[in-house]
Amino acid sequence: MKEIINTALKGAAMGVAEVIPGVSGGTIAFITGIYQRLLDAIKAFNPSLIKTFKEGGIKAVLKATDAVFLGSLLGGMAVGFILGLKIVVRLLESHPILIWSFFFGLILASIPLVAKQVKKWGGLEIGMLVFGAALVYWITVAAPSQGSESLIIVFIAGVVGVSALMLPGLSGSFVLLLMGMYTIIMPAIEEFTHNPFGPETAMLVVFGLGLVTGLFSFARVLSFTFHKYPNPTLALLTGFLIGSLNKVWPWQQVTETRLNSKGLEVVKFSESVLPNTLISLESNFLYGTNPHLFAALAIMVVAAVLVFAMDKFTPNHS
């Protein structure tokens, strides 16, 4: 029971992370030491389960798919996702610098923990590190495209979004934002929690099918690379984390806003600036001109300590 609760809490943290553009549920999975176990559990869902069922029955299937672990994690993710929609998103609106400082500290502290798992650094590993950092940094500064409610596009968004979710440092929500789908999917999910049989249901079913398709196909690819090429894969993921720091940098100058589906003004574009630059601004939507420097740095330290504590009490990163 203790392990089930522990796994559910890790899932809840992943769920909260996936609500927020710029924070990756994959990062949380990696920090908490369940990343490869999650990949292997998802990978186990394949046609060979039919043979497993014939030979050992439902108990054999549950064991092969690590069903208790996976069920606990997914249940926790669902709860965390809803809490993220209800609470964390509001905190980002009221205290953006402090909340982003926490996530910045989490990711910054995670980088050496992932990097130390690379047993040998050679030219290939360094190249993968640089490539990963450059790719994700480019993604963080790319301009969002226009979204669409076309069910084909919604399905593709599900496939791509969940693939990004599984990569530490690359946020599924942020990829949806780049595709222009975040402002379509998230309000639909929010509305679904109030009205499960509303017009958004069909869209969310298609989005869910895309999630499932991407989840099972991409998990197999990642599981293969982890087992076959562990060092280059870990180096690439380290690069992803480094590149994502720009997106979670707490001090942002908002350069353009937009109206969301509810008619409220929200950030459309922003750029990372130094705290002293923030002070010099006459006005700055959402973030304000007070950098809250000491509070932000203190929260970063708390987040980093939390990461190192989790690493210390996690037996391994399997």
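## A buried serine, then the bigger picture

Ser223 counts as buried because its relative accessibility is 1%, under the 20% cut-off. Keep in mind that this is a predicted model. Ser223 sits in helix α11, which covers residues 201–228. So what does Ser223 touch, once residues up to four places away in sequence are set aside? The list is Leu39, Asp40 and Lys43. With Asp40 there's also a polar contact, side chain to side chain, at 3.0 Å.

Now for the greasy part. In soluble globular proteins, nonpolar side chains tend to be buried together. Here, the largest nonpolar core takes in 82 residues, and Met14, Ile20, Tyr35 and Trp100 have the most contacts inside it. Helix α6 (residues 96–115) supplies the largest share of this core, with 11 residues. Take Ile20: skipping its neighbours within four places in sequence, its contacts are Val88, Leu92, Trp100, Phe103, Ser171 and Ser173.

Zooming out, the chain has 14 helices and two strands. Its radius of gyration is 20 Å, close to the 20 Å from the globule rule for 318 residues, so the chain is as compact as a globular protein of that length.

Some whole-chain numbers:

| Property of the chain | Value |
|---|---|
| Box filled by C-alpha atoms, along the principal axes | roughly 70 × 50 × 40 Å |
| Residues that count as buried | 47% of 318 residues |
| Accessible surface | about 15,900 Å² |
| Share of that surface belonging to carbon and sulfur atoms | 70% |

As for contacts with a separation of 6 or more, 75% link residues 24 or more positions apart.

Technical notes. Residues are numbered from 1 along each chain as its sequence is written. This is a predicted model: local features need pLDDT of at least 70, side-chain atom pairs count only at pLDDT 80 or more; totals for chains, interfaces and linings use all residues. Side-chain values use heavy atoms; hydrogens and water are left out. A nonpolar core is a set of buried Ala, Val, Leu, Ile, Met, Phe, Trp, Tyr and Cys residues joined through side-chain atoms within 4.5 Å. Buried means under 20% relative accessible area, exposed over 50%, partly exposed in between (1.4 Å probe, protein chains only). Helices (H or I, at least four residues) and strands (E, at least two) are DSSP runs, numbered from the N terminus. Contact means heavy atoms within 4.5 Å. A polar contact is a pair of N or O atoms within 3.5 Å; within protein, one must be able to donate a hydrogen and the other to accept it, and residues adjacent in sequence count only if both atoms are side-chain atoms. The radius of gyration is taken over C-alpha atoms; the globule rule is 2.2 Å times the number of residues to the power 0.38. Accessible areas come from the Shrake-Rupley method with a 1.4 Å probe; for residues, only the protein chains shown count as cover.
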